[in-house]
Amino acid sequence: MKQAALVFLLVASALARAEPIGSVDTAFKLIGPDHKVVVDAHDDPKVQGVTCYVSRAKAGGIKGAIGLAEDKAEASIACRQVGPITISQALPRQEEVFNERISLVFKRLRIVRMVDASRNTLVYLTYSDRLIDGSPQNSVTAVPVGRETPIPIKK
């Protein structure tokens, strides 16, 4: 039983992991890493052939080095078809596909997939939220799916 739980956790963490693509420095910090803009790739775990690229600010300095800095609530997203699109199971009309902590406790970066059934398109939204006060800053992108591949919707 413990082995099955461990395998499940490993598979789940592998699906939800962001793959770092690159970064650029935006401000020099004498002690600790510089402030950066990082770009990560997120494969949609339920839609094979779609990858979302998210850029966001990452705080440096001493607090950034030890994980205490709070990153800005600004992100940009671009999702693209990177191979044949395969949808193996019905999708809910709206579902969070990824989230990542961007402050010590209270702030998360989220990616939500929405299905625009009438246009056979997957819409991806990124935003951040905070326990008490979230940010309205967001970014949206869409991936049209060919009519030969109808998007199955969970009822």
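User: What share of the contacts in the protein chain with a separation of 6 or more comes from residues 24 or more positions apart?
Analyst: This is a predicted model, in which local features need pLDDT of at least 70, side-chain atom pairs count only at pLDDT 80 or more, and totals for chains, interfaces and linings use all residues. Residues are numbered from 1 along each chain as its sequence is written, and side-chain values use heavy atoms, with hydrogens and water left out. A contact means heavy atoms within 4.5 Å. For the protein chain, the share from residues 24 or more positions apart is 48%.

User: Which pattern does the secondary structure of the protein chain follow along the sequence?
Analyst: Helices (H or I, at least four residues) and strands (E, at least two) are DSSP runs, numbered from the N terminus. The protein chain has two helices and eight strands. Read along the sequence, they follow the pattern α-β-β-β-α-β-β-β-β-β.

User: What percentage of the residues of the protein chain count as buried?
Analyst: Buried means under 20% relative accessible area, exposed over 50%, and partly exposed in between (1.4 Å probe, protein chains only). Of the 155 residues in the protein chain, the buried part comes to 34%.

User: Is His42 buried or exposed?
Analyst: His42 sits in strand β2, residues 35–43. Beyond its neighbours within four places in sequence, His42 contacts Ala18, Val50, Thr51, Cys52, Val54, Phe98 and Ile111. Because its relative accessibility is 5%, His42 counts as buried.

User: Which cysteine is joined to Cys52 by a disulfide?
Analyst: A disulfide is counted for a pair of cysteine sulfur atoms within 2.5 Å, and the structure holds one. Cys52 is in strand β3 and its partner is in strand β4 (residues 75–87), 27 residues apart, so called distant parts of the chain. The S to S distance is 2.0 Å, and the partner of Cys52 is Cys79.

User: What is the handedness of the disulfide of Cys52 and Cys79?
Analyst: Both Cys52 and Cys79 are buried. The torsion about their S-S bond is about 105 degrees, so the disulfide is right-handed.

User: How much accessible area do Ile21, Tyr53 and Val82 have together?
Analyst: Patches are made of residues with over 30% relative accessible area and no salt bridge, joining like charges within 9 Å and nonpolar side chains (Val, Leu, Ile, Met, Phe, Trp, Tyr) within 5 Å; a salt bridge is a side-chain nitrogen of Lys or Arg within 4 Å of a carboxyl oxygen of Asp or Glu. Tyr53, in strand β3 (residues 47–58), is partly exposed at 32% relative accessible area. Areas come from the Shrake-Rupley method with a 1.4 Å probe, and for residues only the protein chains shown count as cover. The nonpolar surface patch of Ile21, Tyr53 and Val82 has about 270 Å².

User: Which residue in β6 stands opposite Arg101?
Analyst: Two strands pair if DSSP finds at least two bridges between them. Strand β5 (residues 94–101) and β6 pair in the antiparallel sense over seven bridges. Seven of the 10 residues of β6 are buried, so β6 is largely enclosed by the rest of the structure. Opposite Arg101 stands Arg108.

User: What is the phi of Asn120?
Analyst: Asn120 is in the loop between β6 (107–116) and β7 (121–130). At 5% relative accessibility, Asn120 counts as buried. Its phi is positive in a residue other than glycine, near 50 degrees.
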